[in-house]
Amino acid sequence: MHADLTAVLGRLVATLSEDPRVHGGWFYGSVGRGGWDELSDYDVVFLIDDADFEAVAADVSTLVAGACDELLISWPEDYNSPVFKNFCNLVRTGQTLHQLDFFMVNADHVDDWWCRQHLKSATRKNLVFDRDGRVGELLDRGLRTDDARPDPNRCFDTYWFHAEMLIKYVLRGDVFKILKNFEFLRQSHADLLLSRYDTLDWGGWESKVKHCVPADKQAHLLTYATTPDLDSLRTALVRGMGEFDRDAREVFAAAGLPYREDVAATVMAYVTERTAPVAARPA
């Protein structure tokens, strides 16, 4: 961890520990798991009562600015629940820029999914400070979210539906629509693999792929990362469909699920033929 960032966090925590609205905080993310390195940042979650929640949220930029040389950006995430907030802050200390997240859990709504997600696996060893014992008591409850794995059949349907949809975009040369649908292919392929290999209690799909999926199958997901010209996209599409089909057969077999080989073969053959360059199509 960069010493400048550690100093910024220390100043922020010192200020918050004197703020009667903040009960305390705990480490989340790589620091909380003990898996940090010199490039990691700090993820600290602070516990705040409902009565003070919005007021503290309104003060986050001021609080962070007071702990660093300059606050360049305070970017509140807009996909959380009303009782869980995160402000992603870009700060400068000296000549160095750092990311510093400011997570807030509403103490009166800790059963909310977003709140439980950021309590997951946290124990008293993750404490940053605990003004009145409330944080330690909360961590002792062991609140968490379920680790539901993706449904292979849903992944199958998503993949082959969007593969067929790509035909019209390839024929039109609509690169942006192709790139959008490639995201569906990559994500459903990743979810398919995670339905078998995911063993992590934390992290988004990208972390789970990195730590759980075998390296040769990770390479299959890189098929969809290509240059935005039609020839490269056509090649990636055909190769990706083949890799998905092979991976899906293994996943379905391991799960004891029937594999709809006819659907996969029909869509794969049809998409391959329809998207082939004109000179390469059957007469």
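Modeller: The model is a predicted one, and I shall begin with Ala 67, which lies in the loop between helix 3 (50–65) and strand 3. With a relative accessibility of 2%, Ala 67 counts as buried, because the limit for a buried residue is under 20%. Leaving aside residues up to four places away in sequence, Ala 67 touches Val 8, Arg 11 and Leu 12. His 109 stands 42 residues from Ala 67 in sequence, and the two C-alpha atoms are 28 Å apart in space.

Leu 72, Ile 73, Trp 75, Tyr 79 and Leu 97 make a nonpolar surface patch of about 520 Å². Strand 3 (residues 70–76) gives the most to this patch, with three residues. Leu 72 is found in strand 3; its relative accessibility is 41%, so it counts as partly exposed.

The buried residues of helix 11 are Ala 264, Val 267, Met 268, Val 271 and Thr 275. They lie on the same side of helix 11, because they cover an arc of only 100° around the axis. Such a pattern follows from the geometry of an α-helix: there are 3.6 residues a turn, so residues three or four places apart point the same way. Helix 6 (152–172) and helix 10 (230–255) are among the elements that cover these buried residues. The exposed residues Asp 262 and Thr 266 are carried on the face of helix 11 turned away from its buried side.

Helix 10 also takes part in charged pairs. Asp 247 forms a salt bridge with Lys 217, with the closest N and O atoms 3.0 Å apart. Asp 247 lies in helix 10 and Lys 217 in helix 9 (residues 215–221), so this pair ties together parts that are 30 residues apart in sequence. Both Asp 247 and Lys 217 are buried. Glu 250 forms a salt bridge with Lys 217 as well, the closest N and O atoms being 3.0 Å apart. Since Glu 250 lies in helix 10 and Lys 217 in helix 9, the pair ties together parts that are 33 residues apart in sequence. Through shared partners, salt bridges join Arg 196, Lys 217, Asp 247 and Glu 250 into one network.

Note on methods: Residues are numbered from 1 along each chain as its sequence is written. This is a predicted model: local features need pLDDT of at least 70, side-chain atom pairs count only at pLDDT 80 or more; totals for chains, interfaces and linings use all residues. Side-chain values use heavy atoms; hydrogens and water are left out. Patches are made of residues with over 30% relative accessible area and no salt bridge: like charges are joined within 9 Å, nonpolar side chains (Val, Leu, Ile, Met, Phe, Trp, Tyr) within 5 Å. Accessible areas come from the Shrake-Rupley method with a 1.4 Å probe; for residues, only the protein chains shown count as cover. A salt bridge is a side-chain nitrogen of Lys or Arg within 4 Å of a carboxyl oxygen of Asp or Glu. Helices (H or I, at least four residues) and strands (E, at least two) are DSSP runs, numbered from the N terminus. Buried means under 20% relative accessible area, exposed over 50%, partly exposed in between (1.4 Å probe, protein chains only). The arc is that of the directions from the helix axis to the C-beta atoms. Contact means heavy atoms within 4.5 Å.
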